[in-house]
Amino acid sequence: MDQHAQLRRTADNLQTPEASSSTISDGRTFVAHMLAGAAAGITEHTAMYPVDTIKTRMQALSHPGQRLHGSVVRALRAVVRREGVAGLYRGVGAVAWGAGPAHAMYFATYEQAKQLLGGNRAGYQWLPTAAAGAIATIVNDGFMTPVDVVKQRLQVAHSPYKGLADCTRQILQHEGVGALYKSYRTTVLMNVPFTAMHFSVYEAAKKWLLHVDNEEAEERLSVQLVAGGLAGGAAAAVTTPLDVVKTRLQTEGVHSSKRYGTTAVLPVLRRIIQEEGMATIWRGMKPRVLFNAPAAAVSWGTYETMKDLLLGPEAQGHHHH
């Protein structure tokens, strides 16, 4: 999910090939990017959290007597009625706590990988940039996967855990550290195509928008918002089946005795289709798109603003060619 902050950084580099080589050696810029990224990650996750809760519930195994709510709005209303607004925010602490360090790590890895792969040379360096994004995603997911497991287990209806600490303790006690990483493979498998798709849609959309609208000088942010939203939404829609697998692996055994007995993606996917039909693997697509499109926008906005604050507008010279 937190690809947005990362992609935003990448997109900036794509726009200013000439500037990126100088920025890497400048410590202040690096720290600023880390802080901006962490702020973007935390803002985006907390702003969109209720939608994420609904997505988790739609994708988790329904237990007897739970009607899976057809529409996102109806589902939101049902949660608030039963559990209050707080019900929508169960587990948000995990994300707020995890997104900061994870994003900071992401940027460190991303910058290093991009430098090594030659992404800072002049011209469009799409491939090294995308590759660096993928490598950083793998590191980032190492941090975020356990956080995500705890979060999703707190998000399911009638969650048996008291809170963040209780959930973590019980998982470690009863299931071991492995349980926190059960979905790691799926997450990486999902995020690599997610990142690649996000890039290509983002780039294409930006070109198309700038072609349609030639007031390039001041239009950058709105163009980025629209392009980011489109890219976030498209990437989220396409990777939904993998997300369902991830949710199932992360909430395995919380409510039902069902166990998948493997962490390999295809067998789990096959079994879900066999037992519950094809439609199940597209469950949660609407809230996923609803989450990712605005999240990309919220995230872009936060990142740009923070960067201006920390570095001053002069570092943003490319906004006003």
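1. A polar contact of 3.0 Å joins the side chains of Asn191 and Asp141. Here a polar contact is a pair of N or O atoms within 3.5 Å; within protein, one must be able to donate a hydrogen and the other to accept it, and residues adjacent in sequence count only if both atoms are side-chain atoms. Asn191 sits in helix H9 (residues 184-212). Asn191 is buried, because its relative accessibility is 3%. Buried means under 20% relative accessible area, exposed over 50%, and partly exposed in between (1.4 Å probe, protein chains only).

2. A word on the basis. This is a predicted model: local features need pLDDT of at least 70, side-chain atom pairs count only at pLDDT 80 or more, and totals for chains, interfaces and linings use all residues. Residues are numbered from 1 along each chain as its sequence is written, and side-chain values use heavy atoms, with hydrogens and water left out.

3. Overall make-up. Helices (H or I, at least four residues) and strands (E, at least two) are DSSP runs, numbered from the N terminus. Of the 321 residues in the protein chain, 54% are buried. Contact means heavy atoms within 4.5 Å. Among contacts between residues at least 6 apart in sequence, 79% join residues at least 24 apart.

4. Helix H5 deserves a look. How far apart are the end C-alpha atoms of H5 (residues 72-88)? They are only 12 Å apart, although the helix has 17 residues. A straight helix would reach 24 Å at 1.5 Å a residue. That expected span is 1.5 Å times one less than the number of residues. H5 has a kink of about 105°, centred on Arg82. The bend at a residue is the angle between axes fitted to the seven residues ending there and the seven starting there. The buried residues of H5 are Val72, Ala75, Ala78, Val79, Gly87 and Leu88.

5. Salt bridges. The whole structure holds 14 of them. A salt bridge is a side-chain nitrogen of Lys or Arg within 4 Å of a carboxyl oxygen of Asp or Glu. Side chains of opposite charge can pair when their charged atoms come close. One network of salt bridges links Asp52, Lys55, Asp148, Lys151, Asp243, Lys246 and Arg288.

6. Lys55 and Asp52 meet at 3.7 Å, N to O. Both lie in helix H4 (residues 49-59), 3 residues apart, about one turn of the helix. Lys151 and Asp148 are both buried.

7. Another salt bridge joins the side chains of Glu175 and Arg153 at 2.8 Å, N to O. This pair links distant parts of the chain: Glu175 is in helix H8, Arg153 is in helix H7, and they are 22 residues apart. Is Arg153 buried or exposed? Arg153 is buried, with a relative accessible area of 1%. Glu175 counts as partly exposed, because its relative accessibility is 30%.

8. Nonpolar cores. A nonpolar core is a set of buried Ala, Val, Leu, Ile, Met, Phe, Trp, Tyr and Cys residues joined through side-chain atoms within 4.5 Å. The largest has 15 residues, of which Val150, Leu154, Tyr161, Cys167, Ile171 and Leu180 touch the most other members. Helix H6 (92-117), H7 and H8 each give two or more residues to this core. H7 gives the most, with 5 residues. Leaving aside neighbours within four places in sequence, Ile171 is in contact with Val149, Val150, Arg153, Tyr161, Gly176, Ala179 and Leu180. A second, separate core of 11 residues includes Met190, Val245, Val268 and Leu269.

9. His158 is a backbone point to check. This residue has a positive phi of about 50° although it is not a glycine. Most residues other than glycine have a negative phi. His158 lies in the loop between helix H7 (126-155) and helix H8 (164-175). His158 counts as exposed, because its relative accessible area is 51%.

10. Last, Gly229. This residue is in helix H10 (residues 216-238). Gly229 is buried, because its relative accessibility is 12%. Leaving aside neighbours within four places in sequence, Gly229 is in contact with Gln224, Ala293 and Ala296. Gly229 and His198 are 31 residues apart in sequence and 9.7 Å apart in space, C-alpha to C-alpha.
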